[in-house]
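I opened my notebook today to look around a single chain. Here is what I had on screen.

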Amino acid sequence: MTASQTPLRLFPSPDASTIEMLHQIFGDVLIPLEELRERYFRNLSEKTFTEAINSGRIQLPVTTIDESVKALRYAHIKHVAALIDIRAYKADENMPRPAANKPEV
């Protein structure tokens, strides 16, 4: 890699069952951002959702089908699935664990 190349930031491979669930919900591999916001980010307005993505608070790559300024914005199903899986793993890591069973004396 040369100094002028941007390093790739790849998500871990999402669970196949998460992708399948999302495909059943949205019916396509490209999910319109507004549908995604309405389903999973209802607490955010369109503006704050866009700001959260643009700032990196919600780590989700966004794509369009054409270069028009008015082009619809989408998230790829694998990126959404990876985001869901990552958040689930982090929740599990942060969950308090019971103390190890200690033998009674």
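Which residues are buried in helix H3 (residues 46–55)? I looked them up and found Phe49, Ala52 and Ile53. I take buried to be under 20% relative accessible area, exposed to be over 50%, and partly exposed to be in between, with a 1.4 Å probe and protein chains only. These three cover an arc of only 95° around the axis, which puts them on the same side of H3. The arc is that of the directions from the helix axis to the C-beta atoms.

Some ground rules before I go on. This is a predicted model, where local features need pLDDT of at least 70 and side-chain atom pairs count only at pLDDT 80 or more, while totals for chains, interfaces and linings use all residues. Residues are numbered from 1 along each chain as its sequence is written, and side-chain values use heavy atoms, with hydrogens and water left out.

**Entry: the layout**

I counted 4 helices and 2 strands in the chain. Helices (H or I, at least four residues) and strands (E, at least two) are DSSP runs, numbered from the N terminus. Reading along the sequence, I get the pattern α-β-α-α-β-α. Of the 105 residues in the chain, 24% are buried. I also checked contacts (heavy atoms within 4.5 Å). Among those between residues at least 6 apart in sequence, 52% join residues at least 24 apart.

**Entry: more on H3**

I turned H3 around to see its other face. The face turned away from the buried side carries the exposed residues Lys47, Asn54 and Ser55. Helix H2 (33–40) is included in what covers the buried residues of H3. Just after H3, I noted that Gly56 takes a positive phi of about 90°.

**Entry: H1**

Next I went to helix H1 (residues 16–26). Its residues Thr18, Leu22 and Phe26 are buried. They cover an arc of only 50° around the axis, which puts them on the same side of H1. On the other side of H1, I found Ala16 and Gln24 exposed. The cover over the buried residues of H1 includes S1, H2 and H4. Just after H1, Gly27 takes a positive phi of about 75°.

Why does Thr18 count as buried? Its relative accessibility is 10%, so it counts as buried. Leaving aside neighbours within four places in sequence, Thr18 is in contact with Ala81, Ile84 and Asp85.

**Entry: H4**

I checked the span of helix H4 (77–94). The expected span of a helix is 1.5 Å times one less than its number of residues. For the 18 residues of H4 that should give 26 Å, and the end C-alpha atoms are 26 Å apart, which agrees. In H4, I found Ile77, Val80, Ala81, Ala82, Leu83 and Asp85 buried. What covers them includes H1, strand S1 (30–32), H2 and strand S2 (74–76).

At 28% relative accessibility, His79 counts as partly exposed. His79 and Leu30 are 49 residues apart in sequence, yet I read 9.9 Å between them in space, C-alpha to C-alpha.

**Entry: the core**

How many residues does the largest nonpolar core have? I got 17, and those with the most contacts inside it are Leu33, Leu36, Phe41, Phe49, Ile58, Leu60 and Val80. The elements that give two or more residues to this core are H1, H2, H3 and H4. H4 gives the largest share, 4 residues. A nonpolar core is a set of buried Ala, Val, Leu, Ile, Met, Phe, Trp, Tyr and Cys residues joined through side-chain atoms within 4.5 Å. In soluble globular proteins, nonpolar side chains tend to be buried together.

I then picked out Leu36. Leaving aside neighbours within four places in sequence, Leu36 is in contact with Phe26, Ile31, Phe41, Phe49, Leu60, Ala75 and Val80.

**Entry: the rings**

I searched the whole structure for aromatic pairs and found 2. Phe26 and Tyr40 form a tilted pair, 6.4 Å centre to centre with 55° between the planes. Phe26 is in helix H1 and Tyr40 in helix H2, 14 residues apart. At 32% relative accessibility, Tyr40 counts as partly exposed. The rings of Phe41 and Phe49 have their centres 5.1 Å apart and their planes at 40°, so that pair is tilted. Rings of Phe, Tyr and Trp (its six-membered ring) pair if their centres lie within 6.5 Å; planes under 30 degrees apart count as stacked, over 60 as edge-to-face and the rest as tilted.
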